[in-house]
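User: I would like to learn how to read charged side-chain pairs in a model such as this one. Could you take me through them step by step?

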Amino acid sequence: MDVELTDAAKKRVRELVSQAGCKGLRLAVRPAGCSGLEYLMDLAEGPSEGDLVRVCDGFELYVDAPSYATALTGLRLDFQQDLLSSGFVYNNPNQKGACGCGQSFSV
C-alpha cells in the first residue's frame, strides 16, 4: 500500500488517536457531492473486514481496499496549520476534477 502520510500528518493522527483512546485511522471514499466522491476519515478501534493495514509509529492506518483500488492509490496525506485554520490536505494523483466547494472530487 503506497498511501503516504507526511510527518505533520503522522503527528496529528497520533495526537487524535491518543486523545480518543483508539488504535488507528481509517481512510475511505464514498459516492457523494457534485463531483462523485468524498473522502472519509475516521478514528477506529481496528480494521474493517478487507482493509489494508499499515503499522505506523504510534498508530495503525486502515485503508478501505475498494477505495484504495479506485481512488486512493498513491495518496499523500498532509496536515497543515496556520493562524486561522488547520486541517488534513489530500494530495491525490488520481484526482481528475473537484467541485467548486472542495467537498467532492472525481477520478
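Analyst: Let us begin with one pair in this predicted model: the side chain of Glu38 makes a polar contact with the side chain of Arg30, at 2.4 Å. Glu38 belongs to strand β3, which covers residues 36-44.

User: What does Arg30 form with Glu38?

Analyst: The general idea is that side chains of opposite charge can pair when their charged atoms come close. Here Arg30 forms a salt bridge with Glu38, and the closest N and O atoms are 2.4 Å apart.

User: Is Glu38 buried or exposed?

Analyst: Glu38 has a relative accessible area of 15% and is therefore buried, since buried means under 20%.

User: How many salt bridges does the structure hold?

Analyst: The structure holds five salt bridges, and one of them joins Arg76 to Glu4, with the closest N and O atoms 3.5 Å apart. Because Arg76 lies in strand β6 (residues 76-81) and Glu4 in strand β1 (residues 4-5), this pair ties together parts that are 72 residues apart in sequence. Arg76 is partly exposed at 35% relative accessibility, and Glu4 is partly exposed at 40%.

User: Which residues are linked in a network of salt bridges?

Analyst: Such a network links Arg26, Asp51 and Asp64. Within it, the side chains of Asp64 and Arg26 meet at 3.3 Å, N to O; Asp64 lies in the loop between β5 (59-63) and α2 (65-72) and Arg26 in strand β2 (residues 24-32), so the pair ties together parts that are 38 residues apart in sequence. Both Asp64 and Arg26 are buried.

Note on methods
Residues numbered from 1 in each chain as written. Predicted model: local features only at pLDDT ≥ 70, side-chain atom pairs only at ≥ 80, totals over all residues. Heavy atoms only, no water. Helix = DSSP H or I, 4+ residues; strand = E, 2+ residues; numbered from the N terminus. Buried < 20%, exposed > 50% of the residue type's maximum accessible area, 1.4 Å probe, protein only. Polar contact = N/O pair within 3.5 Å; in protein donor to acceptor, adjacent residues only side chain to side chain. Salt bridge = Lys/Arg side-chain N within 4 Å of Asp/Glu carboxyl O.
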